[in-house]
Amino acid sequence: AISKEINRDFQLSGLTHILVFSGIHFTTAITFFTTLLRLFCSKRFILNLLTVIIDISIMIMVGFVPSVLRAGFASIALVIVSSLDYSSDSVSVLGMSVIFTGLFNPVALVNAGFILSFFACLGIALFSKRLHFYIITRYRLYNNKVSKIIKAVAVTFSAQIAVIPILCVYFDS
């Protein structure tokens, strides 16, 4: 519902991303709803079932945007893994989300939004803890509040480290 002129202005300023519902928005919404659910229900099976229903509902409302598919299927994969009492790591859950997305919509796997979302998550999974640890120990920043700030910065940089090569390929920059 935005005019072409305003949409062009957002594109030129590089702010188009704030107009879309992306994986981070999905994660924020699902975290909010599951936190509310935990206040009213303590049975794990019911919580997991309601989480999957909310995941699917959000994906339907948004219209199965590729980056939301990645986030939604990652959330569902996490529910499946936790329901089976398996331990999981971020890379495995991310891999399961890619498989689910490929089964649901194979074309989404080559979408730029999906690829950027995937690599940002992969970068966070692979680099953020190491980068956080390196910065904290290298500069002896053992204060708890400072550590939280450094952790947020490490997550942001980790996502960017993994996304930069994709940006260069897709956008020739």
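Let me begin with Cys-121, which counts as partly exposed because its relative accessibility is 24%, where partly exposed is the range between buried, under 20% relative accessible area, and exposed, over 50%, with a 1.4 Å probe and protein chains only. Before I go on, please note that this is a predicted model, in which local features need pLDDT of at least 70 and side-chain atom pairs count only at pLDDT 80 or more, while totals for chains, interfaces and linings use all residues. Residues are numbered from 1 along each chain as its sequence is written, and side-chain values use heavy atoms, with hydrogens and water left out.

Staying with the cysteines, a search of the whole structure finds zero disulfides, a disulfide being a pair of cysteine sulfur atoms within 2.5 Å. Cys-121 is in no disulfide, and the nearest cysteine sulfur belongs to Cys-168. Cys-168 is itself partly exposed, with a relative accessible area of 36%.

Now to helix α3, which covers residues 44-62; helices here are DSSP runs of H or I with at least four residues, numbered from the N terminus.

Which residues of α3 are buried? They are Leu-47, Asn-48, Thr-51, Ile-54, Asp-55, Ile-58 and Met-59. They cover an arc of only 130° around the axis, so they lie on the same side of α3, where the arc is that of the directions from the helix axis to the C-beta atoms. On the other side of α3, Phe-45, Ile-60 and Met-61 are exposed.

The buried residues of α3 pack against α2 (23-40) and α4 (66-83), with contact meaning heavy atoms within 4.5 Å. Thr-51, for example, has a relative accessible area of 8%, and, leaving aside residues up to four places away in sequence, Thr-51 touches Ile-30, Thr-34, Leu-37, Ser-75 and Val-79.

Finally, just after α3, Gly-63 takes a positive phi of about 100°.

How values were computed. Helices (H or I, at least four residues) and strands (E, at least two) are DSSP runs, numbered from the N terminus.
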